[in-house]
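Please open the structure in a viewer and keep the selection tool at hand.

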Amino acid sequence: MQNNRLRIAMQKSGRLSKETEALLKRCGLKLNFRDNRLISPVENLPIDILRVRDDDIPGLVMDGVVDLGFIGENVLEEERLEREAMEQPTEFTTLRRMDFGGCRLSLAVPEEFDYNGPQDLQQSRIATSYPNLLRRYLSERGVEFSSCMLKGSVEVAPRAGLADSICDLVSTGATLEANGLKEVEVIFKSKATLIQGPRPLSDEQQALVNKLLVRTNGVIQAKE
Ligand code: PRT
Ligand code: ZN
């Protein structure tokens with residue numbers, strides 16, 4: 001499926017999709033996300049938008065299936081580490097950090113846990129959807145642990161007896177509090193970001209990317 005249209009991947013539905021769509025609209029793209037279509041052509045520019053699960057976006061970009069992608073840095077860095085370990089392509093460039101999707105990946109323990117530092121997690125079990133980011137953080141600190149991989153409901157794992165602590169995304173902290181947990185270490189700070197893959201662009205496509213970036217800068221600065 002090689003043609004001259006620029007391909008951009010974005011999250012289909014979730015915490016990044018509304019703001020990504022709003023940004024693209026403010027950049028002057030005429031979007032028409034009717035029905036459940038995977039690919040939506042932009043009406044006024046040679047761009048196709050692919051709407052997918054956010055987890056698929058780093059791989060689509062790094063494999064050169066799409067040219068650009070909007071993705072949370074947490075998902076991007078986790079996938080990069082995973083692919084590095086699997087010896088799969090990991091090449092991409094960051095074009096622009098966004099002003100939305102802000103959150104942090106943090107370690108949290110039960111409120112009654114007398115936590116004094118990462119060493120207190122030695123030989124414990126930690127529930128997370130981000131095993132690679134967690135392993136990098138704790139191995140740099142000499143902490144050995146076992147992970148309990150959960151794609152959802154991470155915050156209930158300690159109470160359910162599945163793990164001693166968790167490593168999960170936090171924004172307001174309300175979820176942790178509601179589950180009797182306290183945040184003890186921030187291991188990664190994240191925002192949404194726009195990345196480009198390794199596939200070479202035509203001159204027209206490159207000009208389009210440049211135009212998109214100039215407009216994105218304008219939109220973000222106008223809000224500051
Ligand atoms: O279906 P798909 O796979 O595309 O979506 P998803 O369910 O995997 O992701 P989604 O839409 O929940 O999140 C997409 C991205 O938004 C994340 O990868 C982050 O980059 C960013 N983001 C920003 C967040 C949050 N803030 C956030 N608070 N992602 C998740 N949360 C969750 C967190 O996991 C926890 O359950 O919200 C809860 C905590 O929120 P607070 O406010 O109670 O602290
Ligand atoms: Zn996801």
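Two residues count as being in contact if their C-beta atoms, placed from the backbone, lie within 7 Å. The model is a predicted one, in which local features need pLDDT of at least 70, side-chain atom pairs count only at pLDDT 80 or more, and totals for chains, interfaces and linings use all residues. Residues are numbered from 1 along each chain as its sequence is written, while chains are lettered from A and ligands numbered from 1 in the order in which they are written.

**Lys30**

Select Lys30, in the loop between H1 and strand E2 (39-41); helices (H or I, at least four residues) and strands (E, at least two) are DSSP runs, numbered from the N terminus. Leaving aside residues up to four places away in sequence, Lys30 touches Val42, Glu43 and Asn44. The C-alpha atoms of Lys30 and Asn44 are 5.9 Å apart, although 14 residues separate the two in sequence. Is Lys30 buried or exposed? A residue is buried if 20 or more other C-beta atoms lie within 10 Å of its own, exposed if 12 or fewer, and partly exposed in between, with C-beta atoms placed from the backbone. Lys30 has 12 other C-beta atoms within 10 Å and is therefore exposed.

**Helix H1**

Next, select residues 17-26, which form helix H1; Thr20, Leu23 and Leu24 are buried there. Viewed down the axis of H1, these buried residues fall within an arc of 95°, so they line one face of the helix; the arc is that of the directions from the helix axis to the C-beta atoms. An α-helix has 3.6 residues a turn, so residues three or four places apart point the same way. The exposed residues Lys18 and Lys25 are on the face of H1 turned away from its buried side. Just after H1, Gly28 has a positive phi of about 95°.

**The two domains**

Colour domain 1 (6-101 + 191-223) and domain 2 (103-190) separately; the bounds come from an automatic or database domain assignment. Taken over C-alpha atoms, the centres of domain 1 and domain 2 are 29 Å apart. Nine residues from domain 1 and nine residues from domain 2 take part in the contact. On the domain 1 side, H3 gives the most, with six residues. That side of domain 1 has one nonpolar, three polar and five charged residues. Here Ala, Val, Leu, Ile, Met, Phe, Trp, Tyr, Cys and Pro count as nonpolar, Asp, Glu, Lys and Arg as charged, and the others, Gly among them, as polar.

**Ligand 1**

Where does ligand 1 lie relative to the domains? Domain 1 and domain 2 both give residues to its shell, so ligand 1 lies between them. A residue is near a molecule if its C-beta atom, placed from the backbone, lies within 6 Å of it. Of the 21 residues around ligand 1, select Gly14, Gly72, Cys103, Thr172 and Thr175, which come nearest. Helix H3 (73-85), strand E9 (165-170) and helix H5 (174-178) each supply at least two residues of the shell, and E9 gives the most, with three residues. The shell comprises six nonpolar, ten polar and five charged residues.

**Two loop residues**

Finally, select Gln123, in the loop between strand E6 (103-110) and strand E7 (125-128), and Ser153, in the loop between strand E8 (146-149) and E9. Phi is positive at Gln123, near 60°, and at Ser153, near 55°. Most residues other than glycine have a negative phi.
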